[in-house]
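Welcome! Take a look at the sequence and the model, and then read on.

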Amino acid sequence: MVIVEGLAKIVAAHPLFKGLDQSFYDAVEGCAKNVRFAADTYLFHEGEDANDIYLIREGHVAKEIASPGQGRMTFQTVTTGGVLGIGAFAPPYRWGFDAIAREDVRAIMFDATCLRTKCQADPALGYTILKRFLPEMVDRLHDTRVQMLDLYRARS
């Protein structure tokens, strides 16, 4: 039985990190904080430093890109139980899109630099995080591929 308190309890309840040992929650708790974003508030913008990873506890965040001649386009959404900002683990640590709250959002925000530092110091922790993030990345690549197929079908 895992006993967790404070932010560790909230992190333990999120689908991404559910079911891990207490030592994991103790290790990452210092990198986390509770955040809220009002609807229509940008969490970050394309080109900015990618310093944060968000575990969405409640709400809906749209990932947007600017398309020449078409304006802003939502290419993916992240909702309750989802993760935003996994790319903050990969150099050059810059956002490649904008993220905007489409409704009020509650999240746990991890300082990506803090997590990267802890992962470098503790390879077992880094491997645990990698095993949790990798399926998320694969799912996103698959979803993007399906979306592109739909887009190309619509143009034919």
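Over how many bridges do β4 and β5 pair, and in which sense? The two strands pair in the antiparallel sense over eight bridges. Before going further, please keep in mind that this is a predicted model.

## The sheet with β7

Strands β4 and β5 belong to an open sheet of four strands, which runs in the order β2-β7-β4-β5 with antiparallel pairing. At its edges are β2 and β5, the latter spanning residues 71–79, and each of these pairs on one side only. On average, neighbouring strands of this sheet are turned by 35° against each other, direction ignored.

You can trace the sheet through single pairs of residues.

What about the two faces of β7? In a regular strand the side chains alternate between the two faces of the sheet. Strand β7, residues 98–101, is covered on both faces: Asp98 and Ile100 are buried on one side, and Ala99 and Ala101 are buried on the other.

## The sheet with β3

Now turn to another open sheet of four strands, with the order β1-β8-β3-β6 and antiparallel pairing. Its edges are formed by β1 (32–37) and β6 (83–84); each has a single partner strand, so one side of each is left without a neighbour in the sheet. Strand β3, residues 52–58, pairs with β6 in the antiparallel sense over two bridges. One of the residue pairs to look for is tyrosine 54 with its bridge partner leucine 84 in β6.

## Charged pairs

Side chains of opposite charge can pair when their charged atoms come close. In this model the count comes to five salt bridges.

| Salt bridge | N to O distance |
|---|---|
| Aspartate 49 and arginine 94 | 2.2 Å |
| Aspartate 98 and arginine 72 | 2.3 Å |
| Glutamate 64 and arginine 72 | 3.0 Å |

Let us begin with the salt bridge between aspartate 49 and arginine 94. This pair links distant parts of the chain, 45 residues apart: aspartate 49 is in the loop between β2 and β3, while arginine 94 is in the loop between β6 and β7. Aspartate 49 counts as partly exposed because its relative accessibility is 45%. Arginine 94 has a relative accessibility of 44%, so arginine 94 also counts as partly exposed.

Next, find arginine 72, which forms a salt bridge with aspartate 98. That pair also links distant parts of the chain, with aspartate 98 in strand β7 and arginine 72 in strand β5, 26 residues apart. Arginine 72 meets glutamate 64 in a salt bridge as well. Together, Glu64, Arg72, Asp98 and Arg102 are linked in a network of salt bridges.

Arginine 72, at 41%, counts as partly exposed.

## Helices and a surface patch

Which residues of helix α2 are buried? In this helix, which covers residues 22–29, they include Phe24, Tyr25 and Val28. Seen down the axis of α2, the buried residues fall within an arc of 95°, so they line one face of the helix. As background, an α-helix has 3.6 residues a turn, so residues three or four places apart point the same way.

Leucine 134 counts as partly exposed because its relative accessibility is 43%.

Notes
Residues are numbered from 1 along each chain as its sequence is written. This is a predicted model: local features need pLDDT of at least 70, side-chain atom pairs count only at pLDDT 80 or more; totals for chains, interfaces and linings use all residues. Side-chain values use heavy atoms; hydrogens and water are left out. Buried means under 20% relative accessible area, exposed over 50%, partly exposed in between (1.4 Å probe, protein chains only). Two strands pair if DSSP finds at least two bridges between them. Axes are lines fitted to C-alpha atoms, for helices over the stretch in contact, and angles run from 0 to 180 degrees between N-to-C directions. The arc is that of the directions from the helix axis to the C-beta atoms. A salt bridge is a side-chain nitrogen of Lys or Arg within 4 Å of a carboxyl oxygen of Asp or Glu.
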